[in-house]
Amino acid sequence: MEFKILGPTRLIVRSRSVPLGAARQRGLLAILLYHANEPVSVQTIGNLLWRGRPPSDIRQILYAPISRIRKIFTDNRVPADLPRLADGYQLDLNPDLIDYHRLVATVRTARISAAEGDHKAVVDLLSRAMEWWTGTPLDELKSAEAEHIREQMVTLWGKLPALHLLFDSQRSLGQHDAILTRVSPLVEDRPHDVELAKHWTAAMVATGRHQELQRHFERLSPRLDEEDDELRAVYEEALGKRHGRKRFADFVPPRQLLLPTREFTGHEPLLAELDAIAAEPGARTGVALTGMPGIGKTTLVTCWAHRRTELFPDGQLYMNVNGYGTDRPMPPDDITAQLLRDLGMPADRVPHAADSRRTRLANLLADRKVLIVLDNVRNADQVRPLLPALSSGMVLITSRDRLKGLSIRDGIRTIAIPPLSHDESVSLLTTLIGARRAAESPATVAALAHLSSGLPLAIRILGQNIAELPEAPLAGLHGHLAELLSRMPEDGQDDETLHTFFSWSYEELPATTARMFRLLGLHPGRSFGVPVANALFNGNAQPHLETLIRRHLLEREANHERYRVHDLLGTYAANLCEMDDSLADRTAAVRRMLDFYLLSGVNAARCLVPQRSQTPGLPEPGDIRPLEFDAEPTALAWCEVERANLAAATESAHDHGFHQHSWQLAGTVHEVYERYGPQADILHSNMVALASTLTLDAAEPQIGTLNNLGATYYKLGNLPKATAYFQRGLELAQQAEHREGQAVCLHNLANILADQGESASAISNYHLALQAYRDIRQPYGMAFSMHRLGVTYHRLDRDDESLDYLTKALDLRVHIGHTRGEGATRTALAEVYLDLGELGMARIHGQIGLTVLRQTMDRVATCAALVVLAQIHFTSRDFEEALRLAHEATEIAAEEIVDRRTRANALDVLARSLQATGDIAGARRVLIEELGVLTDKDSPRETDIRTRLAALDRSTTPPPRRSHAATPNITEGDRRTVY
């Protein structure tokens, strides 16, 4: 068995090529195989396969091909697992089954053999490995991102490293003709590749083809420019036109590295990446390691250099060039002069002219294996003039600046150092304070690690202060240490605070960019987009954000449209804002930010539910430009991305005294976020909003917020609290004679009664709610009550009345354009027609309902629609389609807050479909899971399941059974906010 991605994506089983589906599906499999045993985010898959589509769309699109890939694995007994993760998928598979990963492993093995001088083993290994490269890697992927990955597969980890190693060993064995066979076409394709040119020219000289080599160089020479000096030198030397440089006989290898940090922790992948770069054949490499202040750039470089001193027998040079700090940054010419002195040149012999200095430096370093560390570089201009002179060795650069220019213009590889993971932070803090002290309170150690946000400097400050208080209980130090990280420096203690270290970057900012940075401290979340930054700044924030990105005071997120501030930098910015900006300016900035989020949220909600009541008392936009949405997917995508920020903005509004904004924000987004995802943030936002409504002299905000709280508790399954909040809302609405508030609360109390089996009382309340909606001529609400009456009558087997009310609800919802409501009502109609045996009508309503609900991102209602449609297909004996739909429903039910009844129904139809398609073991497993989901123990349904479990060995297909439980008790927005 073998997977191939070094060419068209293929699965070979017993010498037979297994069909893998359409090109997009093969491309998806190729992505998972390339990232085998690593998580692959939905965003990454989208960038490679569906560029420009929002993540919410991609998640929906992925269900079907992922399911088909899993089926291919099952059918062909592939020993793989493809679980869904929080933000994507991960293919767990032995990498030896994938040609590309086997090639990379073979190169590693060959490199060991080469180091041991076993060149025949190298040639045998790599000659066979190169046969695996059969075409264009990841052939089905056509995006720019895919092209970048392909180039990496060729140049960094796969083809070229393997060939360079192969050519070195073939040259040692005298196999020059074999080298020419492989390298000649490569030289034509990559004429500017110096390393390939070295192999080719050496083989040409060894086989006596000087005239051919001369003709090739004459053709190539006019195409070479100043940046190809090294390539020109390779050809001139091969043609006998260049003489070796003289070496200084009295050279003493310098040993200037800083002392390594004994407690260095984490970043093993970065260390391995540096190893790989240094191990590349003939490596003459420059690497820039960049990151925010305190991220550990110098520590990482020092640790790696001490581990690999054997690679640089001619010495290691270290220089802090003072790009940031209290001293003046070193000019490039001064750096060159200091390097010359460090290499042993007497000060009086250092040339005065900059060009002469660089020439001398290049001569001194020629043919020597020297490591040069240039630490604390300010920007690209500080080191660019030196790079040609340093090209013969390995140069490691550290900087708070991203040094993008060095990467683009000078070929320097840049590596951004991320914060430590939580586990790495815990490990480092434990090492610093000692295992015994850490064992006093592991929870405190974990909390302090979280407080550091993965910043090694912060962890070291914490460790130092804990060590200075050896008698203090560790659990009691959390508050003191949290204050320590956030406080501004005191006289005589500058070195003990993060703020001093951060200030070296902040104080170099232009004044307007510094203001932008301070205002970001007012944003309640650390992730944000450009539009809200514009609102905070009250102008065009983009140029200032780019400057902050370059200085590593801000990070760009993966989708390149959003930014993130590190937690500790955010605290620093907030402290600066409080000190340097007036209260009036801060208050105005917060108001602009809240106006932006509120008005954009209102526009998103209006796009999603155009029939909703208008939010009263909205602010005028003024200079703020809220986002507009012309399609539901766009509005939903924005709401999904901003979910955490909108919840945080609700709390920020309350804390800053903007109580109107607080309840308006919570109420506006409630109807969107109840559709999917965890509900804890909704609950908290509504609690905050309720506190704000109590400060206002108006009943309407409080009624709506009480109703939303009840709805959230209902969704969480806490019926007593849900009832209490609905009842409070009803009482307040009655006192205020607020007819719409009465209708909504009566409706939701009826939902609870229906769920508790009190159908008659529920129907009575629904009729009261329906009348209230009619009184105020509110078709949106009328449709809700009609829908619920139809569902409740169905449970009582009064199907004529059920169809009557559901049909009226559907007509209303189609008329007013309530998409989400239409989907839910069609699902309910499909269930009624299914139980009546009218499968044609059931299938029509079920399919349309599912299609509509997929557009709304209401995951709970989508799950219910999938269950009903799966039951319809099962009853129609279309078991394969029933199985597919049931699988998708159970996946959603496992991830979202879906009521137990709907989840049990999804499992039930899945078990029946598995049994019908012959998967007896799978059916047994799902039935056992269904038993655990059931809420009513010792019920007839449990007895039925146990009977089916006992009969599974007979492999009988159970008949479909009537169920009134596929649709959830509260559906598609019954709990909307009252305005």
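Helices are DSSP runs of at least four residues, labelled H or I and numbered from the N terminus. With that in mind, Ile-848 is found in helix H40, which covers residues 839-856.

1. **Confidence overall.** Please keep in mind that this is a predicted model. The protein chain has an average pLDDT of 86, and 92% of the residues score at least 70. The mean is lowest in helix H6 (residues 144-157), at 74, and highest in helix H25 (residues 530-537), at 96.

2. **Two stretches to read with care.** Residues 242-249 stay under 50 in pLDDT, and the model gives them 11 contacts beyond four places in sequence. The pLDDT is also below 50 over residues 961-979, a stretch with 106 contacts in the model beyond near neighbours in sequence.

3. **The nonpolar patch.** Which residues make up the nonpolar surface patch of about 230 Å²? They are Met-841, Ile-844 and Ile-848. Ile-848, in helix H40, has a relative accessible area of 32% and is therefore partly exposed. A residue needs over 30% to be part of a patch, and Ile-848 has 32%.

4. **Glu-880.** This residue sits in helix H42, which runs over residues 879-895. Its relative accessibility is 47%, so Glu-880 counts as partly exposed. Once the neighbours within four places in sequence are set aside, Glu-880 is in contact with Lys-71 and Thr-917. Leu-696 is 184 residues from Glu-880 along the chain, and their C-alpha atoms are separated by 57 Å.

5. **A salt bridge across the sequence.** The whole structure holds 41 salt bridges. In one of them, Arg-59 pairs with Glu-640, with 2.7 Å between the closest N and O atoms. Why does this pair tie together parts that are 581 residues apart in sequence? Because Arg-59 lies in helix H3 (residues 55-75), while Glu-640 lies in helix H29 (residues 632-641). Arg-59 counts as buried because its relative accessibility is 18%, whereas Glu-640, at 22%, counts as partly exposed. The cut-off for buried is under 20%.

6. Arg-556 belongs to strand E13 (residues 555-556) and Glu-546 to helix H26 (residues 542-550), so the pair ties together parts that are 10 residues apart in sequence. Arg-556 is partly exposed, with a relative accessible area of 29%, and Glu-546 is partly exposed at 28%.

7. Arg-564 and Glu-557 meet through their side chains in a salt bridge of 3.0 Å, N to O. Salt bridges that share partners join Glu-557, Arg-562, Arg-564 and Glu-642 into one network.

8. **A stacked aromatic pair.** How many aromatic pairs does a search of the whole structure find? The count is 17. Phe-217 and Tyr-235 form one that is stacked, with 5.4 Å centre to centre and 15° between the planes. Phe-217 comes from helix H10 (residues 210-220) and Tyr-235 from helix H11 (residues 229-238), so the pair ties together parts that are 18 residues apart in sequence. Phe-217 is buried, with a relative accessible area of 6%, and Tyr-235 is buried at 0%.

9. **An edge-to-face pair.** For Trp-304 and Phe-312, the ring centres are 6.1 Å apart and the planes are at 65°, so the pair is edge-to-face. The angle cut-off for that label is over 60 degrees. Trp-304 is buried, with a relative accessible area of 1%, and Phe-312 is buried at 5%.

10. **An aromatic cluster.** To finish with the rings, have a look at Phe-502, Tyr-506, Phe-517 and Tyr-572, which ring pairs link into a cluster.

Conventions
Residues numbered from 1 in each chain as written. Predicted model: local features only at pLDDT ≥ 70, side-chain atom pairs only at ≥ 80, totals over all residues. Heavy atoms only, no water. pLDDT = per-residue confidence, 0-100. Helix = DSSP H or I, 4+ residues; strand = E, 2+ residues; numbered from the N terminus. Contact = heavy atoms within 4.5 Å. Buried < 20%, exposed > 50% of the residue type's maximum accessible area, 1.4 Å probe, protein only. Salt bridge = Lys/Arg side-chain N within 4 Å of Asp/Glu carboxyl O. Patch = residues over 30% accessible without salt bridge, like charges linked within 9 Å, V, L, I, M, F, W, Y side chains within 5 Å. Areas by Shrake-Rupley, 256 points an atom, 1.4 Å probe, with all protein chains shown as cover. Phe/Tyr/Trp six-rings, centres within 6.5 Å; stacked < 30°, edge-to-face > 60°.
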